[in-house]
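I opened the model to look up a few local features. My entries follow in the order in which I made them.

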Amino acid sequence: RRSLGGEGLREALTRGEMKRSMTDDEMRAEALEGVRRCVNCMNDEASSLTKQRFLQCRLPSCQHFFCPTCLAQLREKRSTFLCPRDGTEIAGKHLTDRDLQELEAAEDVKWRRRVLAVFNRTADDFDNPAEHDEYLEMIEDMVDDLVHGVNVPEHEARLKEHEKANRAKIEECQAKRLAAEAKVQELLLEESRHRREVREWNRRLDERERELQEQLQRHRHGMALGMGAAEAARRTEGELAALREERLA
C-alpha cells in the first residue's frame, strides 16, 4: 500500500477532519459562494487536478457535490449509488453541473407553475386585502417547501384535493386570467401601432422640414443676389414656423 509523505499525510488528515466536522449548512454556504466541494473526498473543484466540473445531486434531500474520481468509485458500473453523507439513492439523471442557485431557480419555476395552476384566485375573489395577502403567503410557503423538498407528499396531496374540489372555480379563474392576458396583449399591440405611426409622422415632418430649410436657403441666396426672392422666403419661413408648431402640438 502506498505510504504518504509528510505533506500528503497532513493533507489527508485535514480532509478527514473536514469530512467529520463540516456540516451541510457550511457546505451549502460554500456552494452559494461558488465553492464546489466533493462530499466524499472533501477536495474542492478549484484545486482539483482533473480540471473537470464537479457534478451536483439535484435531489432536494441531497444536493451534494461529487468529483469525477469519487463519482467513478461510488458508481462502479451500478445504475444508482448512495450518497456517503446522507444515504440518498442517486442515479445518473439526478446529477448536474448547474449551480445550486440555478437548480433552485428551476425548481421554483416548476413548482410555482404547478401551484398557481391550482391556487389561481386573484384579489377580486377576496372580500378584503388581508385575506388576499394571507392567500399569497400560503402559496409562497408551499412553493418554498416544495423547492426544498419539505413535506412534498402532503403538499401534492393538498394540490390534488383542492383541484378536485374546486375545479369549476379554478377553470373560471383561469378563463379570467386568459381574458386579462388577451386584453393586455391587445393594448400592447395598439401601443406598438401607435408608436409606429408617431415615428412615421415624425419622419415625414423631418423630411418636410429639411425640404423647407433647403428652399429657404435658396430664397435667401436669391435675395443676396438681388433676385427679388424676399416674398418667397417669408412664405417659406411661415411654413417652417407652422411645421414646428405642429410638432409641438
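**Helix 2 and its end**

I note here that the model is a predicted one.

I then went back into the helix itself. Which residues of helix 2 are buried? I found Met 27, Glu 30 and Ala 31 for the run of residues 24–32. Looking down the axis of helix 2, I saw these buried residues fall within an arc of 100°, so they line one face of the helix. For background, an α-helix has 3.6 residues a turn, so residues three or four places apart point the same way.

**Aromatic pairs**

Next I looked up ring pairs. A pair is described by the distance of the ring centres and the angle of the planes. With ring centres required to lie within 6.5 Å, I got a count of 3 aromatic pairs.

How are the rings of Phe 66 and Phe 81 arranged? Their centres are 5.5 Å apart and their planes stand at 90°; planes over 60 degrees apart count as edge-to-face, so this pair is edge-to-face. I checked where the two residues sit: Phe 66 is in strand 2 (residues 65–66) and Phe 81 is in strand 3 (residues 80–82). They are 15 residues apart, and the pair links distant parts of the chain. I recorded both Phe 66 and Phe 81 as buried.

Phe 126 and Tyr 135 are both buried. I also found that ring pairs join Phe 119, Phe 126 and Tyr 135 into a cluster.

**Arg 121 over the rings**

What lies over the ring of Phe 126? I found the charged end of Arg 121 there, 4.2 Å from the ring centre. Arg 121 also lies over the face of Tyr 135, at 5.7 Å from the centre of that ring.

**Val 152**

My last entry is on Val 152, which lies in helix 6 (residues 152–165). Is Val 152 buried or exposed? Its relative accessibility is 19%, and the cut-off for buried is under 20%, so Val 152 counts as buried.

I then listed its contacts, leaving aside neighbours within four places in sequence: Val 152 is in contact with Trp 111 and Leu 146. I also took a C-alpha to C-alpha distance from Val 152 to Met 142, which came to 9.1 Å for residues 10 apart in sequence.

Technical notes: Residues are numbered from 1 along each chain as its sequence is written. This is a predicted model: local features need pLDDT of at least 70, side-chain atom pairs count only at pLDDT 80 or more; totals for chains, interfaces and linings use all residues. Side-chain values use heavy atoms; hydrogens and water are left out. Buried means under 20% relative accessible area, exposed over 50%, partly exposed in between (1.4 Å probe, protein chains only). Helices (H or I, at least four residues) and strands (E, at least two) are DSSP runs, numbered from the N terminus. The arc is that of the directions from the helix axis to the C-beta atoms. Rings of Phe, Tyr and Trp (its six-membered ring) pair if their centres lie within 6.5 Å; planes under 30 degrees apart count as stacked, over 60 as edge-to-face and the rest as tilted. A charge sits over a ring if NZ of Lys or CZ of Arg is within 6 Å of the ring centre and within 35 degrees of the ring normal. Contact means heavy atoms within 4.5 Å.
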